[in-house]
Amino acid sequence: MTLKRLISVSVLAAAFVCSCIPKTPDRPTPPAPNPPVPEDPDPITMITTPGAYGVEGGDVLFDLSYNQLSVVEYKGGCSYRILNPEKVSVVSVSGLPQVLTQGESVSFLYRVLEHGHSTVSKRYDMTVLQIKDGKAWLKQDNTTFFVIALL
């Protein structure tokens, strides 16, 4: 057998062997799992200044340059107060549990006292939206909420 004929036979044999190997069916690629979509944080949690927002009588913000902040704990609850000596006023949130838990519903009394007289007194039912960095965000809706400094 000549070299030329030997190469021809080898090529034919290789082609025959390759044609006999069954093809594997195309397998569909499984879909990639959808990664969980991170929830956008509530815009309220971007507000970090403690205070009462969207409440009757107007917003009340805590500013260390002219306010004092206090917490009074008592059996079964606590009260947060913002004192303004210059205006002779006290803003209080009373009836909160001593330990707040994210996601729980809370009911409390919001009061504003000016010169010893109550100018606002209203009960609110809110959800504890977030607890972070020594603060709690309580939300009734997108316009009425509290940022409480936890002491």
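Good morning. Please keep in mind throughout that the model is predicted.

I begin with the strands. Strand β6, residues 105-114, runs antiparallel to strand β7, residues 117-132, and ten bridges join them. Within this pairing, Val-112 stands opposite Val-120 of β7. The hairpin of β6 and β7 has two residues between its strands, and His-115 there adopts a positive phi near 50 degrees.

Strand β7 also pairs with strand β8, residues 135-139; these run antiparallel and are joined by five bridges. Here Lys-132 stands opposite Lys-135 in β8. The hairpin of β7 and β8 likewise has two residues between the strands, and Asp-133 takes a positive phi near 50 degrees.

I turn now to the nonpolar side chains. In soluble globular proteins, such side chains tend to be buried together. The largest nonpolar core in this model has 23 residues, and those with the most contacts inside it are Leu-96, Phe-108, Tyr-110, Leu-138 and Phe-146. At least two residues of this core come from each of β4 (77-84), β5 (89-96), β6, β7, β8 and β9 (145-149). A second, separate core has five residues, among them Tyr-53, Trp-137, Phe-145 and Val-147.

What is Leu-138 in contact with, leaving aside its neighbours within four places in sequence? Its partners include Leu-96, Leu-100, Val-106, Phe-108, Met-126, Val-128, Phe-146 and Ile-148. Thr-127 and Phe-145 are also in contact with Leu-138.

Next, charged groups. Side chains of opposite charge can pair when their charged atoms come close. The structure holds one salt bridge, in which the side chains of Lys-139 and Asp-42 meet at 2.6 Å, N to O. Why does this pair tie together parts that are 97 residues apart in sequence? The reason is placement: Lys-139 lies in strand β8, whereas Asp-42 lies in the loop between α1 (3-20) and β1 (51-53). Both Lys-139 and Asp-42 are buried.

Finally, the aromatic rings. The count comes to six aromatic pairs. For Tyr-110 and Tyr-124, the ring centres are 6.1 Å apart and the planes lie at 70 degrees; with edge-to-face assigned to angles over 60, the pair is therefore edge-to-face. This pair links distant parts of the chain, with Tyr-110 in strand β6 and Tyr-124 in strand β7, 14 residues apart. Both tyrosines, Tyr-110 and Tyr-124, are buried. Ring pairs also link Phe-108, Tyr-110, Tyr-124 and Phe-146 into a cluster.

Thank you for your attention.

Methods: Residues numbered from 1 in each chain as written. Predicted model: local features only at pLDDT ≥ 70, side-chain atom pairs only at ≥ 80, totals over all residues. Heavy atoms only, no water. Pairing = 2+ DSSP bridges. Helix = DSSP H or I, 4+ residues; strand = E, 2+ residues; numbered from the N terminus. Core = buried A, V, L, I, M, F, W, Y, C linked by side-chain atoms within 4.5 Å. Buried < 20%, exposed > 50% of the residue type's maximum accessible area, 1.4 Å probe, protein only. Contact = heavy atoms within 4.5 Å. Salt bridge = Lys/Arg side-chain N within 4 Å of Asp/Glu carboxyl O. Phe/Tyr/Trp six-rings, centres within 6.5 Å; stacked < 30°, edge-to-face > 60°.
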